[in-house]
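Please prepare a guided tour of this structure for a reader who has it open in a viewer. At each stop, state what to select and what is found there.

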Amino acid sequence: MDALLIVTPGAYTTVQDKGRYGYQQMGVPVSGVLDAFAFYAANMLVGNPDNAAALEITIVGPCLEILTDTHIAVTGAEMGMTLNDQPVQGWKAIRVKPGDILDIQQVKSGCRAYLAVSGGIDVPQVMGSRSTYAGGKLGGYKGRPLQERDMIQCGETKLLTKLRQFPSDMIPQYPLEIVIRAIPGPQNDFFHEGLDTIFQSDYMVSAKADRMGYRLQGPKIKVLEGMPKSIISEPTMPGGVQIPADEQPIILLVEQTVGGYTKIVTVISTDLPKVAQATPGDTIRFEKVTLGQAHSLYHDQKKLIQMLADQLSE
Amino acid sequence: MDAKTYMITSPLMGTFYRSPSPEASPCVEVGQKVNTSDVVCVIESMKIFTELRAAQAGTVKRILVENEGLVMKNQELIEIEIG
């Protein structure tokens with residue numbers, strides 16, 4: 001069913017779900033949403049399953065004409081937003097009708113917003129996922145970011161009896177300085193002082209930051225004397241922090257498959273949404289945690305998401 | 001009487017461009033009229049060219065940044081006189 005007509009596409013708007021798993025060995029990156037928390041929240045607000053495809057909106061949002069009677073919700077970065085020229089808020093379900101114009105403007109806080117529609121965005125599944133991998137021109141809407149006059153379909157609408165609203169104290173803040181937790185390794189034995197440097201310094205997000213990875217600027221991180229500067233290329237994971245030849249860290253994200261640089265630390269998955277909401281000029285500090293702590297934080301977050309889902313569906 | 005103005009600000013740190021491509025002429029010049037949602041400049045950052053649009057119709061009063069200048073988050077770029 002036709003659901004949304006793109007009047008203007010925004011800076012970089014793509015269809016994403018949780019990602020495309022199981023094809024990295026063939027060079028197909030996971031892709032998918034960068035801020036999974038905001039994505040789950042958007043789907044919960046419109047009563048979708050947690051993996052229904054949504055729009056990931058970056059920096060400046062699209063202007064959309066609504067073509068069907070449905071619910072939408074926008075979460076994540078705070079962007080100015082109007083429905084038929086009247087201001088509307090994020091983190092709550094909005095009832096929309098054919099002919100309505102939803103205009104999502106430039107970001108005020110954060111970087112990426114998520115727009116979910118009841119029934120989910122319907123694009124063909126490619127290798128089990130609806131996520132866009134623009135670099136490989138596959139998945140999503142014709143394998144590319146949205147453009148003017150694209151017609152977006154959605155699955156079957158199920159109107160909710162109550163307009164859901166996310167608890168305000170659970171809405172994340174996106175400050176200009178963030179602390180993200182990381183575990184040392186997998187190549188921590190290539191570093192000694194470098195580990196002190198990365199856990200004790202402030203790093204600035206550079207303008208070279210996208211869905212593949214965020215390049216940071218700050219104190220140089222040196223590989224131990226006598227150790228090779230690179231390794232045999234091996235699979236990378238979202239959150240891996242590479243130290244390339246210029247000794248400045250890169251936080252790898254969802255559009256990377258393999259890499260030949262050493263990874264000094266790995267950002268825990270629970271904190272990747274914070275990275276996703278950082279923009280160039282923001283400050284990042286790494287805090288060391290153990291693998292055990294990372295696992296328990298992950299379980300806590302899963303419980304929290306389940307609790308919120310239960311609460312919202314009451 | 002002071003006319004009302006508003007500022008176009010940069011949503012993020014990046015490079016300011018007055019035109020959408022190197023061959024194109026600038027989106028706007030001082031004194032030019034703009035309509036709501038006309039593109040007035042472009043910011044390059046995060047491998048994305050972000051077009052910034054006029055929030056309200058008016059006349060370009062001042063352009064505060066040189067073409068290809070580095071701009072910071074929330075920096076004022078272009079002043080537009082409403083009306």
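Helices (H or I, at least four residues) and strands (E, at least two) are DSSP runs, numbered from the N terminus. The model on display is predicted.

**First stop: a loop in chain A.** Select Asp271(A), which is located in the loop that joins β16 (258–267) to α3 (272–276) of chain A. The relative accessible area of Asp271(A) is 1%, so this residue is buried. Next, display Val179(A), Ile180(A) and Arg181(A): Asp271(A) touches these residues, when residues up to four places away in sequence are not counted.

**Second stop: where the chains meet.** Select the contact between the two chains, in which 14 residues of chain B face 22 residues of chain A. About 1400 Å² is buried between chain B and chain A, and 65% of this area is on carbon and sulfur atoms. Then highlight Met13(B), Met46(B) and Lys73(B), which supply 42% of the area that chain B buries against chain A, more than any other three residues.

Two salt bridges are counted between chain B and chain A. To view a salt bridge, select Lys47(B) and Asp210(A), whose side chains meet at 3.1 Å, N to O. Between chain B and chain A, five residue pairs are in polar contact, both residues being at pLDDT 80 or more.

**Last stop: the chain B side.** Select strand β5 (residues 48–53) of chain B, which gives the most to the side of chain B that touches chain A, with five residues. Colouring that side by residue class gives six nonpolar, four polar and four charged residues.

Notes: Residues are numbered from 1 along each chain as its sequence is written. Chains are lettered from A and ligands numbered from 1 in the order in which they are written. This is a predicted model: local features need pLDDT of at least 70, side-chain atom pairs count only at pLDDT 80 or more; totals for chains, interfaces and linings use all residues. Side-chain values use heavy atoms; hydrogens and water are left out. Buried means under 20% relative accessible area, exposed over 50%, partly exposed in between (1.4 Å probe, protein chains only). Contact means heavy atoms within 4.5 Å. Buried area is the accessible area (1.4 Å probe) that two parts lose on being put together, summed over both. A salt bridge is a side-chain nitrogen of Lys or Arg within 4 Å of a carboxyl oxygen of Asp or Glu. A polar contact is a pair of N or O atoms within 3.5 Å; within protein, one must be able to donate a hydrogen and the other to accept it, and residues adjacent in sequence count only if both atoms are side-chain atoms. Ala, Val, Leu, Ile, Met, Phe, Trp, Tyr, Cys and Pro count as nonpolar, Asp, Glu, Lys and Arg as charged, and the others, Gly among them, as polar.
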